[in-house]
Amino acid sequence: MNWKQERTHSLSEHPEGIMIAGKNIILRDKRVADAQDDYAWQTDPELARLDAAPVLILSFPQYLGNYADELYRSNSTRRRFGIDTPDGKHIGNCSYYGLNEAKGEAELGIMIGNCDYWNKGYGTDAVTTLVSYIFRQTNLKRIYLKTLESNLRAQKCFQKCGFTPYGHLNRDGYSFALMEIHRKQWEQQTKAES
Ligand SMILES: CC(C)(COP(=O)(O)OP(=O)(O)OC[C@H]1O[C@@H](n2cnc3c(N)ncnc32)[C@H](O)[C@@H]1OP(=O)(O)O)[C@@H](O)C(=O)NCCC(=O)NCCS
């Protein structure tokens with residue numbers, strides 16, 4: 001993927017990597033110091049249920065053993081970000097993955113792991129910021145995601161970010177709502193907001 005050289009006003013290089021400012025959040029590269037939060041979130045049954053994921057069954061030292069390797073392994077089809085509040089509190093993670101240059105698309109994922117920060121607009125802020133970053137910095141035409149049909153909060157959040165439903169998927173006993181946003185929609189939305 002040829003990332004565009006153009007930089008937006010809200011994007012800056014930092015000694016610790018990239019920092020992308022949203023309205024009330026900052027997206028930044030993942031770091032080893034996130035391991036404790038990530039472990040707590042991946043071993044939380046409620047978060048696993050909402051994410052249709054298995055609860056992680058590893059001790060923290062076992063988890064930490066692979067964490068840095070996994071974090072720094074180069075992978076051009078995905079990128080992971082920590083979500084911080086402006087005062088530097090790590091409240092969640094978001095990412096794109098499955099980047100397909102030929103099709104011009106990638107999948108987006110998000111989790112606000114700290115439930116004290118649910119329903120306060122942080123998810124909408126993080127997704128809006130990541131979508132803008134992807135469309136500004138790449139030539140991708142479409143970003144898509146899936147979430148459980150039962151997760152109405154997530155669907156409302158994505159809808160507020162401009163995603164629209166395009167189908168359903170039944171997999172492994174789960175029913176997912178599929179949502180997408182096309183570059184054209186995003187451009188119209190951005191124009192309307194400016
Ligand atoms: C899903 C998630 C990213 C959303 O982020 P968030 O910061 O909580 O969401 P926001 O506050 O930006 O937006 C949520 C919207 O859903 C609404 N909402 C909350 N519960 C709802 C429900 N049961 N039904 C309908 N709408 C609901 C909120 O009122 C808000 O809309 P409003 O701003 O118009 O009032 C976050 O809650 C999260 O990560 N949760 C835990 C893990 C999870 O769900 N994982 C799956 C993600 S695909």
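Tutor: A helix axis is a line fitted to C-alpha atoms over the stretch in contact, and angles run from 0 to 180 degrees between N-to-C directions. Helices (H or I, at least four residues) and strands (E, at least two) are DSSP runs, numbered from the N terminus. The model is predicted: local features need pLDDT of at least 70, side-chain atom pairs count only at pLDDT 80 or more, and totals for chains, interfaces and linings use all residues. Residues are numbered from 1 along each chain as its sequence is written, and side-chain values use heavy atoms, leaving out hydrogens and water.

Student: Thanks! Is helix 4 roughly parallel or roughly perpendicular to helix 6?

Tutor: Start with the axes of helix 4 and helix 6 (residues 183-193), which come within 11 Å and cross at roughly 110°. Angles under 35 degrees count as roughly parallel, over 145 as roughly antiparallel, 65 to 115 as roughly perpendicular and the rest as oblique. Helix 4 is therefore, relative to helix 6, roughly perpendicular.

Student: Which residues in helix 6 meet helix 4?

Tutor: Look for contact, meaning heavy atoms within 4.5 Å. Helix 4 brings V131, S132, F135 and R136 to this meeting. Their partners in helix 6 are R183, W186 and T190.

Student: Is T129 buried or exposed?

Tutor: T129 is found in helix 4. Leaving out residues up to four places away in sequence, T129 touches I20, A21, G22, I25 and L27. Buried means under 20% relative accessible area, exposed over 50%, and partly exposed in between (1.4 Å probe, protein chains only). With 9% relative accessibility, T129 counts as buried.

Student: How far apart in space are G92 and G113, C-alpha to C-alpha?

Tutor: G92 is found in strand 5, and at 0% relative accessibility G92 counts as buried. Among the residues that G92 touches are W41, F81, M111 and G113. In sequence, G92 and G113 are 21 residues apart, yet their C-alpha to C-alpha distance is 4.8 Å.

Student: On to charges. How many salt bridges does a search of the whole structure find?

Tutor: A salt bridge is a side-chain nitrogen of Lys or Arg within 4 Å of a carboxyl oxygen of Asp or Glu. One of them joins D34 and R28, with the closest N and O atoms 2.8 Å apart, and D34 and R28 are both buried. A network of salt bridges links R28, K30, D34, D38 and D84. For the whole structure, the number of salt bridges found is 11.

Student: How many residues apart in sequence are the parts that R79 and D29 tie together?

Tutor: The side chains of R79 and D29 meet in a salt bridge of 3.0 Å, N to O. R79 lies in strand 4 and D29 in strand 3 (residues 26-29), so the separation in sequence of the parts tied together is 50 residues.

Student: Is R73 buried or exposed?

Tutor: R73 forms a salt bridge with E70, where the closest N and O atoms are 3.2 Å apart. E70 has a relative accessible area of 29% and is partly exposed. R73, with a relative accessible area of 52%, is exposed.

Student: One last item. What is the positive phi of N119, which is not a glycine?

Tutor: N119 lies in the loop between strand 6 and helix 4. At 64% relative accessibility, N119 counts as exposed. Although N119 is not a glycine, its phi is positive, at about 60°.
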